Amino acid sequence: MAEEIKKEAPAKFKVTIDNITIDVAPGTTILNAARQIGGDVAPPAMCYYSKLQGSGGKCRTCLVEVAQGSAADPRPMPKLVASCRTAVMDGMVVKNITSERVLDARAGVVEFLLLNHPLDCPICDQAGECHLQDLSYEHGKEGTRYEFKKRIFEKEDIGPYIQLHMTRCILCYRCTYVADQLTDSRVHGVLDRGDHAEISTYISKAIDSDFSGNMIDVCPVGALTDKTFRFKNRVWFTKPVDAHRDCENPKCCGKVTLWQRGDDVLRVTARKDEWGEVQSYDGQPGWICNTCRFDKKQVSDWVIEGPTKVSRHSVISQGHYLGLQKPKEMMAEVMGGRAPKLLMDIHDISEVNSVDIGALPGPATSKTFEKKEQ
Ligand code: SF4
Ligand code: FES
């Protein structure tokens with residue numbers, strides 16, 4: 001008995017996920033252990049966000065099968081568990097993509113998340129960087145069994161910078177954690193419960209904190225989007241560029257991604273890591289302030305570092321210019337030395353290029369490009 005008490009827990013726990021074994025620190029969740037392995041072994045996560053305390057446990061997309069609880073008690077866990085909220089045990093064996101049960105359950109979760117989510121991707125600003133869109137491509141089914149009307153909500157204005165589309169919200173709670181943990185006072189939250197649950201501000205108060213824009217970055221779907229970028233462009237037509245500035249706000253890291261079209265800065269966001277979360281610098285999350293995000297839309301406001309690295313599997317990579325080799329300019333050669341503008345230079349005749357789209361206060365419309373009366 002005394003000997004048993006003397007036994008100390010090992011400094012590292014051995015865990016096997018999809019037949020790959022690694023050693024992790026005690027207290028690590030299954031999800032974070034899987035992220036240490038990386039790739040497809042890491043379960044998708046729509047509500048967990050490592051930089052936000054208390055997040056996770058809401059969406060169930062990260063369900064996994066525990067085939068062996070631990071070396072000491074090898075019985076399997078009877079139900080699938082949320083990997084973002086379950087800590088590993090020494091000798092645990094986990095199945096993610098190697099489990100039919102998990103893949104079937106995940107397809108069910110996606111179907112459930114899409115019950116009320118409108119399929120308005122063609123007009124949604126989040127398209128191309130929406131985690132639910134990716135999830136439904138990878139794990140969704142082609143149909144739905146839901147025959148009722150989707151939820152609709154009264155439109156609500158939550159301030160000058162953030163557009164709320166409540167119908168798209170999957171109630172992951174990430175934005176409320178941002179408000180709790182990054183801003184001075186939270187004025188919005190999840191009101192009501194069940195089918196009526198919604199994100200809202202109390203008495204329509206605007207979210208005017210200095211760091212409220214980070215809610216846009218953590219929202220996995222298009223429920224919270226940047227009003228200054230709204231309908232200005234599709235994200236895959238823009239060129240993401242890493243940039244920084246000396247921001248006076250001590251809580252702002254000043255390191256951002258500029259989303260450019262030509263020389264226009266259409267949008268400024270925090271930089272994201274491979275899990276779609278804001279990057280960390282010296283162990284601290286790289287949140288950015290609203291001044292950097294909404295007010296610094298000139299290239300001259302920033303020190304440009306170079307093109308952002310975008311996964312080649314992302315639709316955004318099609319506008320990514322790293323390593324681009326421009327074709328040889330042949331026009332002058334075949335025209336006997338004449339410059340192409342002698343034929344027709346589209347920039348001379350197009351009104352589009354005389355409008356700085358990034359500086360527009362709202363979405364660009366056909367009126368934006370109407371010729372002004374002389
Ligand atoms: S608005 Fe976005 S971040 Fe907030 S709970 Fe809904 S889906 Fe999550
Ligand atoms: S990521 Fe685990 S429940 Fe949402």
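Keep in mind from the start that the model is predicted, and that the values below are computed from it.

**Aromatic pairs**

A pair of aromatic rings is described by how far apart the centres are and by the angle between the planes. In this structure the count of such pairs comes to four, and the tour visits two of these pairs. Begin by selecting Tyr146 and Phe148, whose rings form an edge-to-face pair, with 5.5 Å from centre to centre and 65° between the planes. The angle counts as edge-to-face because planes over 60 degrees apart fall in that class.

Next, select Tyr161 and Phe294, which form a stacked pair with their centres 4.1 Å apart and an angle of 5° between the planes. Which parts of the chain does this pair link? Tyr161 lies in the loop between helix H4 (131–139) and strand E6 (162–164), while Phe294 belongs to helix H7 (residues 290–295), so that the pair links distant parts of the chain, 133 residues apart. Are the two partners buried or exposed? Tyr161 counts as partly exposed at 28% relative accessibility, but Phe294, at 6%, counts as buried, because buried means under 20%.

**Charges over rings**

Now select Lys251 together with Phe211, and you will find the charged end of Lys251 over the ring of Phe211, 5.1 Å from the ring centre. Then move to Arg267 and Phe229, where the charged end of Arg267 sits over the ring of Phe229, at 4.7 Å from its centre.

**Cavities**

By class, the lining of the largest cavity has 12 nonpolar residues, one charged residue and no polar ones.

The second largest cavity has a volume of about 50 Å³. To see what surrounds the second largest cavity, select His117, Asp120, Cys121, Cys124, Gln126, Ala127, Cys130, Gln133 and Arg168, which line it. The lining of this second largest cavity divides into four nonpolar, three polar and two charged residues.

Definitions and conventions:
Residues numbered from 1 in each chain as written. Chains lettered and ligands numbered in written order. Predicted model: local features only at pLDDT ≥ 70, side-chain atom pairs only at ≥ 80, totals over all residues. Heavy atoms only, no water. Phe/Tyr/Trp six-rings, centres within 6.5 Å; stacked < 30°, edge-to-face > 60°. Helix = DSSP H or I, 4+ residues; strand = E, 2+ residues; numbered from the N terminus. Buried < 20%, exposed > 50% of the residue type's maximum accessible area, 1.4 Å probe, protein only. Lys NZ or Arg CZ within 6 Å of the ring centre and 35° of its normal. Nonpolar A, V, L, I, M, F, W, Y, C, P; charged D, E, K, R; others polar. 1 Å grid on protein atoms, 1.4 Å probe; cavity = no way out; pocket = protein on both sides within 12 Å on 5 of 7 lines; lining within 4 Å. Points joined across faces, edges and corners; volume = space filled by probe spheres on them.
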